[in-house]
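Trainee: I would like a close look at one part of this model, the charged side chains and how they pair. Please take me through it in one go.

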Amino acid sequence: MSNQQENLVKLGDDAEELLKTPVFTNTINALVEATFQAFVNSDPDKSKEREATYNHYRAIVDIVNTLKQRVSVRDEINEKLKSDNSKNEE
């Protein structure tokens, strides 16, 4: 495994650990709920405030998606290495 792959696997491990942590999940859920409430309860004519609230929500989603992507990359690397090792054993 190359140094870059090792780093990506480590990032994936760390991301998965964070995603599984109840305090992280609870914090993300609370932020999403608060952002949703702020958006829903904002005045329709306050477009700048509503846009800022929407952008806040998108930032939260981007964080979670980035962590999930790191886990996915790690899994792909591990699967490829597993497959390569199986071929080498044959």
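Trainee: How many salt bridges does the count come to?

Mentor: The model is a predicted one, and the count comes to seven salt bridges. In general, side chains of opposite charge can pair when their charged atoms come close.

Start in helix H1, which spans residues 3-20. Aspartate 14 pairs there with lysine 10, and their closest N and O atoms are 2.8 Å apart. The two residues both belong to H1 and are four residues apart, about one turn of the helix. Aspartate 14 has a relative accessible area of 39%, so it is classed as partly exposed. Lysine 10, at 48%, is partly exposed as well.

The neighbouring pair to look at is made by aspartate 13 and arginine 74, whose side chains meet in a salt bridge at 3.0 Å, N to O. This pair links distant parts of the chain, since aspartate 13 is in helix H1 and arginine 74 is in helix H3, 61 residues apart.

Aspartate 75 is partly exposed, at 35% relative accessible area. Through shared partners, salt bridges join Asp13, Glu16, Lys20, Arg74 and Asp75 into one network.

Another arginine is placed against a ring. The charged end of arginine 50 sits over the ring of phenylalanine 39, 4.3 Å from the ring centre. Phe39 also belongs to a nonpolar surface patch of about 470 Å², made together with Phe36, Val40, Tyr54 and Tyr57. Helix H2 (22-40) and helix H3 are the elements that give two or more residues to this patch, and H2 gives the most, with three. Tyrosine 57 lies in H3 and is partly exposed, because its relative accessible area is 33%. As for ring-to-ring pairs, the structure holds zero aromatic pairs.

Phe39 also has a contact with threonine 53, which touches Thr35 and Ala38 too, leaving aside residues up to four places away in sequence. Threonine 53 is in helix H3, residues 47-89, and counts as buried because its relative accessibility is 15%.

Note on methods: Residues numbered from 1 in each chain as written. Predicted model: local features only at pLDDT ≥ 70, side-chain atom pairs only at ≥ 80, totals over all residues. Heavy atoms only, no water. Buried < 20%, exposed > 50% of the residue type's maximum accessible area, 1.4 Å probe, protein only. Contact = heavy atoms within 4.5 Å. Phe/Tyr/Trp six-rings, centres within 6.5 Å; stacked < 30°, edge-to-face > 60°. Lys NZ or Arg CZ within 6 Å of the ring centre and 35° of its normal. Patch = residues over 30% accessible without salt bridge, like charges linked within 9 Å, V, L, I, M, F, W, Y side chains within 5 Å. Areas by Shrake-Rupley, 256 points an atom, 1.4 Å probe, with all protein chains shown as cover. Salt bridge = Lys/Arg side-chain N within 4 Å of Asp/Glu carboxyl O.
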